[in-house]
Amino acid sequence: MSCAACLDDRSFGLPITMAFQPIVDVESERVFAYEALVRGQDGRSAGEILAQVSDENRYAFDQLCRKTAIEQATATGLAASGANLSINFLPNAVYEPRACIRVTLAAAMQTGFPLQNIIFEFTESEEISVNHILHILRTYRAMGFKTAIDDFGAAYAGLGLLSKFQPDIVKLDMDLIRDIDSSRPKRAIVGNTIRMLHDLGIEPVCEGIETATEQDVLRDLGVTLMQGYFFARPAVESLPAVSWQRPPGLSSLAG
């Protein structure tokens, strides 16, 4: 399929835009990355947009999201901030990683967005071939991109995949994080997962943080990268301000 067919909204059928939500480093009080989250230009939610994705338009949708994320991130000044841009991709939309990266490369070249600041993250919302996703991840790494597994612990991604490939980042599913301050089993599961990821040289990110007590527990477990409404909600076509709400007794590290 020609990548040129994926350069405008007509190739997917619904006009899309992007909202940006930060992934923050709570130790340095800096934004590590902004995740690009698809939205409809008419106000449709991500769920409503994704419900329109089919076998016939999956490739076009995936390519359009990459292009839109890079263009809008550049327009917001994200690249100048030094933060990374995290782009979600659909593994089953990638028939061959080097062929399907052309739109991404073209958008980055046209906008001047640095390739080394792009993270490709995926969630296995549908079952895919392990060999296929490994081929994609290894190719992206060889090209200088960072890679991430999203919603770890909730979908098909598991220890078997990590034994064959260690991405730069693993994002723990929010269901493991929600109410972790009052759940001993969740603290045990997350704590041991964090130690395993550190042993493998993988940076853990905990998402879905909504309270100060959840943040406190995660900091105690050795987590420094976090994402959630506690810090900032997604902002459409702009970079939201981050609320640095530190645990009691900690002074600001931001100077």
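Asn 57 touches Phe 12 and Gln 52 when residues up to four places away in sequence are not counted, a contact being a pair of heavy atoms within 4.5 Å. The structure is a predicted model, in which local features need pLDDT of at least 70 and side-chain atom pairs count only at pLDDT 80 or more, while totals for chains, interfaces and linings use all residues. Residues are numbered from 1 along each chain as its sequence is written, and side-chain values use heavy atoms, with hydrogens and water left out.

Asn 57 sits in the loop between α1 and α2; helices (H or I, at least four residues) and strands (E, at least two) are DSSP runs, numbered from the N terminus. With a relative accessibility of 13%, Asn 57 counts as buried. Here, buried means under 20% relative accessible area, exposed over 50%, and partly exposed in between, with a 1.4 Å probe and protein chains only. Asn 57 and Ala 93 are 36 residues apart in sequence, yet their C-alpha atoms are 9.0 Å apart in space.

Next comes helix α2. Just after α2, Gly 77 takes a positive phi of about 85°.

Asp 151, in strand β5, has a phi near 55° and is partly exposed, with a relative accessible area of 22%. Asp 179 has a positive phi of about 65° and belongs to the loop between α7 (174-177) and α8 (184-199). Asp 179 is partly exposed too, at a relative accessible area of 43%.

Not counting residues up to four places away in sequence, the contacts of Leu 218 include Ile 177, Val 190, Ile 209 and Met 226.

Thr 104 lies in helix α4 (residues 102-111) and is buried, with a relative accessible area of 0%. Leaving aside neighbours within four places in sequence, Thr 104 is in contact with Arg 66, Ile 70, Ile 118, Phe 120 and Phe 145.

Finally, there is the largest pocket. It is lined by 36 residues, of which Glu 35, Leu 37, Leu 50, Asn 88 and Asp 150 lie nearest its centre. On a 1 Å grid over the protein atoms alone, a pocket is an open set of points where a 1.4 Å probe fits, with protein on both sides within 12 Å along at least five of seven lines, and lining residues have an atom within 4 Å of a point. The lining divides into 17 nonpolar, seven polar and twelve charged residues, where Ala, Val, Leu, Ile, Met, Phe, Trp, Tyr, Cys and Pro count as nonpolar, Asp, Glu, Lys and Arg as charged, and the others, Gly among them, as polar.
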